[in-house]
Amino acid sequence: MDINAIRTRLLALLRQIAPDIEPQSIEPQRAFRDQFDFDSMDALHFAAAVSEAFGLEIPERDYPSLTSLEGAARFVQSRLSAGA
Amino acid sequence: MRVEFRLPSLGADMESATLTEWLKQPGEPIHRGEAIATVETTKGLIDLEAYEDGTISEFVAAPGARLMVGAVMAHLELEGAARAPELSAQPPSAPAPPLEAPPPAAAAVTAPEAARVRLSPAARRRAHELGIAPETLAHAAAPGAIVHLQDIESLAAARPAAPGEARAAMRQAIGAAMARAKREIPHYYLGHTLDFGPARAWLAQHNAQLAVGERLIEAVLILKAVALAAARLEGFNGYWRDGRFERSAAVHVGAAIAVRGGGLVAPALLDAHAKDLAALMREFSALVTRARAGHLRSGEFTSATITVTSLGADGVDVLYPIINPPQVAIIGAGAIRDAPWVIEGRMEVRPLITLALAADHRVTDGRLGGRFLRSIAALLADPQSL
């Protein structure tokens, strides 16, 4: 899957969890926690949404890869290509 | 039996609310716990629930009416013994009149266009989420026409992100409630630091076997430990009312939830002491989602018997909380941080957490408060017991 397509899908998931986020204001490299006051519940909701949307197993040790948009996109891409 | 359905107090910081819509019609059956009306408060839209089975006989308040706490909203015909819900604040003995008379149904069409703005329920909800005051929407639709969701969306797209008026109102409400708490409640404060290592290790092992959506977070262990300790030790779980402490057998833990962009709500996890961690996690997760969307239920506001508050992973070492009246205790959980800790004479780096208790001196004193904190610590040191 193309990384831009992954980013677009991740953005949609992010908007489901935090509808008050404006997509154009997102800084891809910056942690969600710093940008949107993400807490552990938001992080879990995001991990669950990513896991379901892309059909990936995400153990807790991989949570740090999901803390920013860019990090999450790269993580999903590498996991998808590893599984392919 | 015919009874009056009054606007309940949904917290010490609430004086009035605006009736947004009736969710049931006269004659339609209503069931205990079912939402029958939605009101708008500074905490967002809240569903008011029926406290007994029955039917609505007639409406007294019309959508759009601003009502004082205790104002009669409708007459109900109830099947059970008629009584107000035990856990909500008692309404004043004299029925309070509505602050503003609700406009007659047809008035909006004939009134001058600057008069009340009519919104569809979805539009009202969205406007609230965006922090747009309904009064400012006079030009969003043709005079006399109803403002629909798409009108709000196009308005929101056109205007720059403005600081929400709803947020300012929430800040004011929090200020009023906390000023009252500090004025009336003789707080005392205690802190206790503990090794969160055993809880964290147990959690990692537990979560490793589960799909992401079923995993627990650390906060749930703390909520459960506080609930169990509060159920065991008298003096921290219940209300201060009419000059005395009323103990509650059930522990409804209020979970302080930050609203993105500022503000705070503390709806309750009902019967938290009696629920297993998985059930508590599911409810907490749903509660956070609904709290942030600005849509909670009346029962969740009226019933917390004790509160837990935390600033999360980004927080500070100690959080000294303020009691949420009429409750008599609150636990502030600091951020978990790695720090030196002495175990059997050796120094080790462990994940530490400091719990702070604020409690009401009219009900307990420091000795009992210390036992309460130690009892929470003991539960967290033995996570199997949760």
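In chain B of this predicted model, four strands make up an open sheet with antiparallel pairing, in the order 1-8-6-3. Strands are DSSP runs of E with at least two residues, helices are runs of H or I with at least four, and both are numbered from the N terminus; two strands pair if DSSP finds at least two bridges between them. Strand 1 (2-6) and strand 3 (29-30) of chain B are the edge strands, each pairing on one side only. Strand 1 of chain B is joined by five bridges to strand 8 (residues 72-78) of chain B, and the two run antiparallel. F5(B) stands opposite A74(B) in strand 8 of chain B.

Residues are numbered from 1 along each chain as its sequence is written, while chains are lettered from A and ligands numbered from 1 in the order in which they are written. Local features need pLDDT of at least 70, side-chain atom pairs count only at pLDDT 80 or more, and totals for chains, interfaces and linings use all residues.

A five-stranded open sheet of chain B has the order 7-2-4-5-16, with mixed pairing. Strand 7 (66-68) and strand 16 (295-297) of chain B each have a single partner strand, so one side of each is left without a neighbour in the sheet. On average, neighbouring strands of this sheet are turned by 35 degrees against each other, direction ignored. Strand 2 (residues 16-22) of chain B runs antiparallel to strand 7 of chain B, with three bridges joining them; A17(B) stands opposite L67(B) in strand 7.

In chain A, helix 1 (residues 3-17) packs against helix 3 (residues 40-54) at an angle of about 135 degrees, with the axes 10 Å apart. Axes are lines fitted to C-alpha atoms, for helices over the stretch in contact, and angles run from 0 to 180 degrees between N-to-C directions. The contact (C-beta atoms, placed from the backbone, within 7 Å) involves R9(A), L13(A), L14(A), Q16(A) and I17(A) of helix 1 of chain A, and D42(A), H45(A), F46(A), A49(A), V50(A) and A53(A) of helix 3 of chain A.

Between the chains, 17 residues of chain B are in contact with 15 residues of chain A. On the side of chain B that touches chain A, helix 5 (197-208), helix 6 (218-232) and helix 7 (277-292) of chain B each supply at least two residues. Helix 5 of chain B contributes the largest share, three residues.

How values were computed:
Contact = placed C-beta atoms within 7 Å.
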